[in-house]
Amino acid sequence: MLARVANNLFWMGRYIERSEHIARYLCVNYFSSLDAPNIHSQSRQFVLESMMYMVGEPSAKGEKLKESDVLLNIGLNLDKSYSIINCVKLARENANSARDLISTELYEAINKFYHFVLNYSVEDFLKKGLYDFTTNVMEYTAILKAKIRTTLLYDEVFSIIKLGVNLDRATQTIRIINTKYNDIRMISEQDNSTIDVSLEWSTLLKCVESYDMMNRFQKSAPSTKNTLDFLILNNKCPRSVINSLEEMTNYVQVLSSEKNPPKDSAIFLVNKIYAEYKYKYIEEIEIDFQSFIENILDNLVKISTKLEDEYFNY
Amino acid sequence: MSSHKRHPIFSSYTFESNFLDEVFGGNGAIKPVYKTLLNIYGSYSIDDFTKLNEKAKASFFNQGITFQVYGNNQTKEKIFPYDLFPRIIDSKEWEHIEKGVLQRSKALNLFLWDIYHDQKIIKQGIVPKDLIYSSVNYLKQMIGYNPPGKIYNHISGTDLIKHSDGKYYVLEDNIRCPSGVSYVICNRTALKRALFGVFNQYKIQSVTEYSKNLLDILETVKPKGVDTPTTVVLTPGVFNSAYYEHSYLAKGMGVELVEGRDLFVKQGFVYMKTINGPKRVDVIYRRIDDAFIDPKVFNKDSLLGVPGLFKAYLRGNVCLANAPGTGVADDKAVYTYMPEIIKYYLDEDPILNNVHTYHCSRPDDLKFVMENIHNLVVKPVDEAGGYGVSIGNKLTIEEIEKVKAVIKENPRKYIAQPIMSLSTHSTYIESEKSFEPRHVDLRTYTLLGSNKDFVLKGGLTRVALQKGNLIVNSSQGGGSKDTWVLKN
């Protein structure tokens, strides 16, 4: 496979995954806040700030955010690099350059997705379409991932797309955790009383489609500790960071025939990082959660850079 | 008046006696081969057609068969206009076309070999020397070079029209990078999706095996010493208007689609940059014009090509399809010698007719052209896509004078032909919500390999969508329709 095309497929996977997470974050946060039990979680400003923080453009302190601006920017503003429409556009552009390698079924699904997002009326979206738009985006991405799994040859093309999907899944999960962690910190800062923040942890779990399964697994109200344990370290949780890393170790292996990969190779790095988290326990993380998040994001960037150096920048 | 005329969908159908209609005879009677189709269409309402038309359009959008239109704020995607009424060619008529286009492709290949080797046809005075040497597409670097399998025009696109006399005429031979074959296939897909019921009523030749045949043909011209060749399609990139086609063909053949920047030449061999390092490339189906394939030899500013590619080719380490320098033979001035060329190399009479052509480079012809422009089509010899074409009877007096002045300036650049009466075909006109006659042509696709050839049983019927317009090229707002070749 061509190095240039491999790079595009990697990013196609990343953008598909990213659009899904942003859409879900938008949807879950907005709707769960509407009838939230405490005044902070219910505040429009608070929810909008959380959304902007998640997409990486946090608002300045005291800045008054306008709901329609935030929704438009995150949903359908092509000028914003983080917008859903931009992610879908880039996913499709990347697919375009590799359409000889991917199946017609996958390409058509991406294309349909693109036209759906492109043709979605801004007015409808802002007035009444938030739920419809975001759930459709989630469904389209589910279709795409099914097409990736069921219509592609399980070779390096598949592996590279899956590497992209998993890397971005881990990244977005961590970003969402970080955002919610930040939300909770803000609530606590504003109100010293012991507000029940389990709603925010529930929202977080719903943002990564893991709420119901967390209930089954833990059978207790979500707290900082058990939620983070579930979403980062539990290999039974399909969205956990550890699972994404494990999948990456499998897919990166397909790209090389080396039995003993050298220390400076991507395979070595992915396995090393995976092993680091595989043998971690939640009590270790709890001590300094902020540094842990920074560290894991840093590691994910290292993996991406290494893959680029080794495979894409021939 | 037959029943179809009463159907509202045909209410605005008109007949002009000087054009042949493919669907209806002169008296408006349905031609036998279209009867079943029209019976089925008769059962649809205007509403049905509007919906079906939307379905067909959606099929193109979803398949991603679109081109970009650049607007003020954002680029918009559009599909090439497509219509719901297929063109039907019966097996006997097709047999004649197939033999004719294959004959032309073979003759052109022999002609190219000759003009790059012994030049017998020039020495014997059949084709004038100037015709070849004055062509910008004649590559001196190719003189004496033996392309793998002795093939120059691996892929030919032949443009045909049906004149009012009921005969097919060749308008052009395209043997540089003829495009459009992917539309043959996706037109079929779209029509199947919209009107699947119709397909049960006809035995239609399939068009899907083109890519496989193309790969077979390309592999027959692999360089010496290579067992299993690595073939690639070379595209200018995603922004090229034919990018869909390039990716379609690469996918159909199961080969890599590469851009110039994915290839490099080392010690006379061509390699592509893969995730596991360099991989040698043996056959390149290039969709980049000669001028851009190698900045070391041709256009120095070309970013699309590969430095050193031409040298690797001349060394016989890689095969390029079509061969560089084929453009000299699809020059519209060479076209006029096709009957002689066919006779000379194959000792056969041409199966398909040539349109009589006046060479502005000949004083007698030039005089005739100047006096009769209003009855002629004037074309530049070396342009494609319908650019620079003037149709005499559509010009104002001032425009005629302008055309005359342009010809006088460079007579070698122009030929003129009588205005041909391109046949008309029922075509769904979206704005009118009805079927109306529109002028059509037919592009066929012929493949030549070493001891192997193939003609795609189908073709691209191009439609001039504007009423009365005779230029069908997509760059001039033309559309296309599915083309059915019937089985015996």
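Start with helix α8 (residues 210-220) of chain B: B:Tyr210, B:Leu214, B:Ile217, B:Leu218 and B:Thr220 are buried there (20 or more other C-beta atoms within 10 Å of a residue's own; 12 or fewer is exposed, in between is partly exposed, and C-beta atoms are placed from the backbone). They share one side of α8(B), because they span an arc of only 155° around the axis, taken from the directions from the helix axis to the C-beta atoms. Helices (H or I, at least four residues) and strands (E, at least two) are DSSP runs numbered from the N terminus.

This is a predicted model, where local features need pLDDT of at least 70, side-chain atom pairs count only at pLDDT 80 or more, and totals for chains, interfaces and linings use all residues. Residues are numbered from 1 along each chain as its sequence is written, with chains lettered from A and ligands numbered from 1 in the order written.

**Confidence**
- Chain B has a mean pLDDT of 90, with 96% of its residues at 70 or more; pLDDT is the predictor's per-residue confidence, from 0 to 100.
- The scores are ipTM 0.80 and pTM 0.86.

**Chain contact**
- Chain B puts in 17 residues and chain A 19, counting residues whose C-beta atoms, placed from the backbone, lie within 7 Å.
- On chain B's side, α3 (46-63), α9 (243-253), β7 (256-258) and β9 (269-274) each give at least two residues.

- Most peptide bonds are trans, but a cis one joins B:Ala321 and B:Asn322, with omega about -10°.
- B:Asn322 sits in the loop between β12 (319-321) and α12 (332-335) of chain B.
- A:Lys219 has a positive phi near 55°, and is exposed, with 7 other C-beta atoms within 10 Å.

Definitions and conventions
Two residues are in contact if their C-beta atoms, placed from the backbone, lie within 7 Å.
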